Amino acid sequence: MASTVDSKRVKERFDTEEELQTKLDTLAAFVRDSANTTFFTGAGMSTSAGVSDYRGPSGAWTKRKIAELQGKTDAASRTELAKLLAEMKKEDKKAAKAVPMTDAKPTFAHMAQAALIQKKKAHHVVTTNLDGLYRKTGLKQHKHFTCLHGDMYVERCTGCRKEYERNYHVRDRKLHVHNHSVGVCGECGSAPPKGKQRVDSQSKGKGTIDTHINFGEELDDHDWFEAEAASQAAELCIVMGTSMSLRHVTHFPFMAQRTVICNLQATPDDAKCDLRIWATCDAVLMGLVERLGVVVPPPPVWRPADPLPLNIVRQRASAEYYEGAKRLMAEAFPELAQDGAVKRPVVQRAPAKPKPKGGAPRGAKPPTQPLPKHASSMQTHLRKAAGSSMQAVREIQKEYTEIGVS
């Protein structure tokens, strides 16, 4: 996709302060007038979280384009290379803040969109990002947001379509780029085919998959129709942080009665929209929530609904993804995950009750100790999530017997 990059598209532009304030007044009026507002977002939403974009001055496809041009000697290529390198140099400070994707936290813009949805001033997000930051705001997938290109934490069954919200980046990097197979569904028992047969979003009854959509692959029909329904229902769509280069999905924002584009780079649709804002996502949403009187909370601690024990993650994931899971678990479930292993939680013992005279009644059971706050939910989720192999089931049972969760 380096072919979608050139020095004109990469160049960033900013509104003056006066222009920005006037446009934010107009945007706030649009939101007040709209009975149904959606957001359509891309990688630019997450750059301030330390997640790289694709076509920005230091984006993944920009770097690939630079590598291509460095092998050419004609004057036009050398001129284009110089322009791209000049734009990339401006991004040095931003690039220094890069973090592993699993460590990224929701930005102010993510939390502002979540607050607007929770306050019923907006209704849905359609995103092409797979970084999982919307679920980390507390929003619920499908109800509040749609991931057109997948979500790094989601494992989905190709049989019953059960979704598991995992605690690691669900992608087997040892497989072919177009093979998304993960394991066995703990809900319906659907299993991957034997051999090297590829499994993807179009497969039926072939076990669970990661939900990544790589270039050249078809989008999942359910995600497509979900995005379409949300877009058709919208009176206003606010496009944020995308250069609108993926033309197979850029019609969605224009299903709304009004469309606003907020991006630092030019897009092919700038002339079609009702309002064009040249500013960062954080700056736009900061001005919008201030005008609407919406308070934006800090990011909550995210606790995935269907985490796996770290010894199972180690078997499934690459070393990089396993290390990310360790850090995530240490924050989300500190009483269960330390130093890469599930530890026995500290249990608060209830005060001893005086024994009745004559001893305990025949058949009486000893009092049970209360489980820590998250242990019972972990127990339920891990039972459902055991769909990998009988070995995985035994590992889960063994590990949670050791910490007192049966």
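Predicted model: local features only at pLDDT ≥ 70, side-chain atom pairs only at ≥ 80, totals over all residues.

**Rings and charges**

I started with a search of the whole structure for aromatic pairs, and it gave 3. Here rings of Phe, Tyr and Trp (its six-membered ring) pair if their centres lie within 6.5 Å, with planes under 30 degrees apart called stacked, over 60 edge-to-face and the rest tilted.

Residues are numbered from 1 along each chain as its sequence is written, and side-chain values use heavy atoms, with hydrogens and water left out.

Next I looked for charges over rings (NZ of Lys or CZ of Arg within 6 Å of the ring centre and within 35 degrees of the ring normal). K272 has its charged end over the ring of F254, 4.2 Å from the centre. R276 lies over the face of W278, with 3.7 Å to the ring centre.

**The parallel sheet**

Strands and helices are DSSP runs numbered from the N terminus (strands E, at least two residues; helices H or I, at least four). Two strands pair if DSSP finds at least two bridges between them.

I traced an open sheet of 6 strands with parallel pairing, in the order β3-β2-β1-β8-β9-β10. Its edges are β3 (145-147) and β10 (275-277), each with a single partner strand, so one side of each has no neighbour in the sheet. Neighbouring strands here are turned by 15 degrees against each other on average, direction ignored. The axes behind that angle are lines fitted to C-alpha atoms.

At one end I checked β9 (residues 258-262), which pairs with β10 in the parallel sense over 3 bridges. C262 has I277 in β10 as its bridge partner.

**The antiparallel sheet**

I found another open sheet, with 4 antiparallel strands ordered β5-β4-β7-β6. Its edge strands are β5 and β6 (181-183), each pairing on one side only. The twist averages 35 degrees from one strand to the next.

I then went through the pairings:

- β4 and β5 run antiparallel, joined by 3 bridges, and V154 stands opposite E165 in β5.
- β4 and β7 are also antiparallel, with 3 bridges, and C157 faces T208 in β7.
- β6 is joined to β7 (residues 208-210) by 2 bridges, again antiparallel, with S181 opposite I209.

Which way do the β4 side chains point? V154 and R156 go one way, E155 and C157 the other, and all are buried, meaning under 20% relative accessible area with a 1.4 Å probe and protein chains only (exposed is over 50%, partly exposed in between). In a regular strand the side chains alternate between the two faces of the sheet.

**Positive phi**

Most residues other than glycine have a negative phi. I noted R161, not a glycine, with a positive phi of about 70 degrees. R161 sits in the hairpin of β4 and β5, which has 5 residues between the strands, and is partly exposed at 26% relative accessible area.

K120 is another non-glycine with positive phi, about 65 degrees. K120 belongs to the loop between α6 (108-118) and β2 (124-127) and counts as exposed at 66%.

**Helix α10**

The buried residues of α10 are Y321, Y322, G324, A325, L328, M329 and A332. Seen down the helix axis, they fall within an arc of 160 degrees, so they line one face; the arc uses directions from the axis to the C-beta atoms.

Notes: Axes fitted to C-alpha atoms, helices over the stretch in contact; angles between N-to-C directions.
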